[in-house]
Structures are given as C-alpha cells and as structure tokens.
Amino acid sequence: MKHPSSREFFAYWDDKRGTARAPDRADIDPAAVRGLLGDIFVLSCEPKLGFPFRVAGTRVCALAGRDLKDQSFAALFAPQSRSEIEEIATIVADETIGAIAGITAVRDDGTKSHLELLLLPFNARPHTPVSVTGVLAPFDDECAALGAFTLTSWRYLHQPEKLLPRAIRKLQVARGLMVYEGFR
C-alpha cells in the first residue's frame, strides 16, 4: 500500500478484526477514522447491480463528479476494466480477503490522475446484507471530477491463515442431508 489513507484505514480495519477474518460492520466507528471519511466508501455486494454504493465519502463523490449513493461502483470503470473490478469485489466479499489496486483516470484537461483503491470485507452475518468497505484516494491533492477508471494493477491481501476455497466454505455451512455422488 502506497497511499497513507489506505495504510491507516487498513491498520484500523486489521485492529478491529482481531483474530477474525474480517470485522463486523458495527465494529467500525466513523469517529475513529474521522480524517479518512472523505476517502472511505461502503458497497453493497449485489453484482447484478454493479455493487452499488451504500455510503461514499465527499472526496470519492468529488472524484466521480456526482453523489454516488445507490450508484453502481462498477460503472465508474472503463468497459475493459469493469468485469475485472466486479470479479475482484466478488472475491473480496466471498473469500473474506482484502484487495489493493492501482487505478488511472483522465481529467477534463487531458492529464492523467493516479489513484489507489483498497477493498476490505466485513464479516458476513446471517440475515444481513453483505457489504464491502474501502478507500479510493488520489495520489495528488486535486479533487476534480475524473473520467472512467482503468485498473493498472491489483493484488489480494492474503491473511496468514490457510484460506479455504469458496466451494468448501459453502459446504461447511450447509445444513441437512448431503448427497455425495460417485462414492462407494
């Protein structure tokens, strides 16, 4: 992580999760990260809707040039990056691991802006919507509206414990009769 906002929010998130894979959404206190609120957002994990924003900080909205509440996160990206960012957000939510990405966008005057995106999961609870939080921060201080975002690099932030594949984790929570075909 290169951006100070990403490092600070990740440290706070990591502290709140303790030994769990991710903290509960209720564990994150906005007052504790007051200086970062302009860069922080929360996404609803609804891939068919493009991961709509539940909450978006003022600087995130300024970078998009509009209020982002209920708007598609994926729609901020250029068509060639859209499916990749949707896949990254899905894996962050499903696998409960963080991701960090480098992003570029073009300003109205034609100059390029470089940004850092941090996506972090919340602990999934029964009967509550799944959501992801994160930081979107430009490396320069200019907050002008930007064009479509393009992914330039990304990686997952694997935790030291052994990660279970998504299919195996889903089987662990399955209830009732399980039929395994092909075994004798």
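The model is predicted, so local features need pLDDT of at least 70 and side-chain atom pairs count only at pLDDT 80 or more, while totals for chains, interfaces and linings use all residues. Residues are numbered from 1 along each chain as its sequence is written, and side-chain values use heavy atoms, with hydrogens and water left out.

Side chains of opposite charge can pair when their charged atoms come close. A salt bridge is taken as a side-chain nitrogen of Lys or Arg within 4 Å of a carboxyl oxygen of Asp or Glu. Four salt bridges meet this rule. Helices (H or I, at least four residues) and strands (E, at least two) are DSSP runs, numbered from the N terminus.

One of the pairs joins D14 to R17, with the closest N and O atoms 2.7 Å apart. Both residues belong to helix α1 (residues 4-17) and sit three residues apart, about one turn of the helix. D14 has 28% relative accessibility and therefore counts as partly exposed. R17, at 13%, counts as buried.

R59 pairs with D39, with 2.6 Å between the closest N and O atoms. R59 lies in helix α2 (residues 58-64) and D39 in the loop between α1 and β1 (40-44), so this bridge ties together parts 20 residues apart in sequence. Both R59 and D39 are buried.

In the R107–D140 salt bridge, the closest N and O atoms are 2.0 Å apart. This pair links distant parts of the chain, 33 residues apart: R107 is in the loop between β3 (98-106) and β4 (112-121), and D140 is in the loop between β5 (131-138) and β6 (150-157). R107 counts as buried because its relative accessibility is 10%. D140, at 26%, counts as partly exposed.

Conventions:
Buried means under 20% relative accessible area, exposed over 50%, partly exposed in between (1.4 Å probe, protein chains only).
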